[in-house]
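Visitor: I would like to learn how to read a model at the level of single residues. Please walk me through it.

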Amino acid sequence: MSRVRVLGALVAIGALSMAVTAAQAPAPGSLSPQALEATKIEKVRDNLYMITGSTPVPREAFSGGNTAVFVTDAGVVIVDTKLAGWGQVILDKIKTVTDKPVTTIINTHTHGDHTGSNSMFAPTVEIIAHENTKANMAKMDAFKGDNAKFLPKRTYQDKLTLGKGRDAIDLYYFGRGHTNGDTWVVFPALRVMHTGDMFAWKDAPTLDRNNGGSGLEYAQTVGKVLDTVKNVDTLIVGHSPLRTIPELREYQQFMNDFVAAVQDAKKAGKSVDDAAASINLSGKYKDYKNDRYKAAVQAIYDELGK
Ligand SMILES: [Zn+2]
């Protein structure tokens, strides 16, 4: 306990025993007031919550991707752990809805805004991810040396079911997109799915080719989700408010149209800049942005090769 540093007056002494160790705790005050303000716990269902603060712009108000908090008979399962330094805030938010301990972390994918605070949970917490995500995480500095103990210990290839009945969770891998290890986390009894960053926002996705991402396969991967996962109404997504299945279907269509437009632009010999500037899907996709077109065009050009 002597190594444990209390993060301001927010922290109840009781919460300390289970979770945060001094080695990883940030200095008090290093979390911005805007991000603390934006990071709220919101009820999705009676025993499922979402911790917000996931909108990446402005950066000062960002704490990482949306974290799901699922309260089961056996303990609390969380999906994604936000940026480094946010573990205590996640625990404090959970304390406002349940006294049960966190027993399990599911990481939807490798990125530091979804895995950053793994190391702020007790080493006894079971960490689960797709096998490719574990391999991607092992390449990150944050999981080198002693911190390798915060890598997922349990992995799967295509599907993994945890728990039973109303506590059941289905983890699915449907193929490449944002990375090559994106897990879709379904809470079947609640008709809710966490999409991770396969559906982050209504704009072009980040295509992380260094971690096996693919623009060309993206829409096909989303199509498998739509064909396979039934009886879901509500989506917790990577970096936006709650969404619906029709919105995911629209996103699949958007990606089909976007990739087709990029392929046409490349065939026409356009530069990445010209392609990004000339693609206009705003008529068909009314509430979509185009802030992230350029990076996605670049990634798809690279994927298409010469
Ligand atoms: Zn991501």
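**Reading the zinc site and the rings**

Guide: His109 and His178 are both buried. Buried means under 20% relative accessible area, exposed means over 50%, and partly exposed lies in between (1.4 Å probe, protein chains only). This is a predicted model, where local features need pLDDT of at least 70, side-chain atom pairs count only at pLDDT 80 or more, and totals for chains, interfaces and linings use all residues. Residues are numbered from 1 along each chain as its sequence is written, and side-chain values use heavy atoms, with hydrogens and water left out.

Visitor: Which residues are the protein donors of the zinc ion?

Guide: Start with the cut-off. Donors are N, O and S atoms within 2.8 Å of the metal (3.2 Å for Na, K and Ca); water is not among the atoms, so sites may look incomplete. Here the protein donors are His109 (NE2), His111 (ND1), His178 (NE2) and Asp197 (OD), at 2.1 to 2.3 Å from the zinc ion. Their spacing along the chain is H-x1-H-x66-H-x18-D. His109 sits in the loop between β5 (102–106) and α4 (112–115), and His178 in the loop between β9 (169–173) and β10, so this pair ties together parts that are 69 residues apart in sequence. Helices (H or I, at least four residues) and strands (E, at least two) are DSSP runs, numbered from the N terminus.

Visitor: What is the geometry of the site of the zinc ion?

Guide: Four donors are tetrahedral if all angles lie between 85 and 135 degrees. Four are square planar, and six octahedral, if opposite donors are over 155 degrees apart and all others between 65 and 115; anything else is irregular. The four donor atoms here make angles of 84 to 171°, and the site is irregular.

Visitor: How many aromatic pairs are there?

Guide: Rings of Phe, Tyr and Trp (its six-membered ring) pair if their centres lie within 6.5 Å. Planes under 30 degrees apart are stacked, over 60 edge-to-face, and the rest tilted. The count is twelve aromatic pairs. One of them, Phe70 with Phe187, is tilted: 4.8 Å centre to centre, with 55° between the planes. This pair links distant parts of the chain, with Phe70 in strand β3 and Phe187 in strand β10 (residues 183–187), 117 residues apart. Phe70 is buried at 1% relative accessibility, and Phe187 is buried at 1% too. Tyr172 and Phe174 have ring centres 5.1 Å apart and planes at 15°, so they are stacked. Ring pairs also link a cluster of Phe199, Tyr218, Tyr251, Phe254, Phe258, Tyr285, Tyr288 and Tyr293.

Visitor: Which ring lies under Arg292?

Guide: A charge sits over a ring if NZ of Lys or CZ of Arg is within 6 Å of the ring centre and within 35 degrees of the ring normal. Arg292 lies over the face of Trp201, 3.7 Å from the ring centre. Lys266 lies over the face of Tyr301, at 5.8 Å.

Visitor: What about the backbone?

Guide: Most residues other than glycine have a negative phi, and most peptide bonds are trans. Asp80 has a positive phi, near 75°. Asp80 is in the loop between β4 (75–79) and α3 (87–95). Lys82 is found in the loop between β4 and α3, with a positive phi near 60°. Asp80 is buried at 0% relative accessibility, and Lys82 is buried at 0%.

Visitor: Which residues does a cis peptide bond join?

Guide: Val57 and Pro58, with omega about 0°. Pro58 is in the loop between β2 (48–51) and β3 (67–72).
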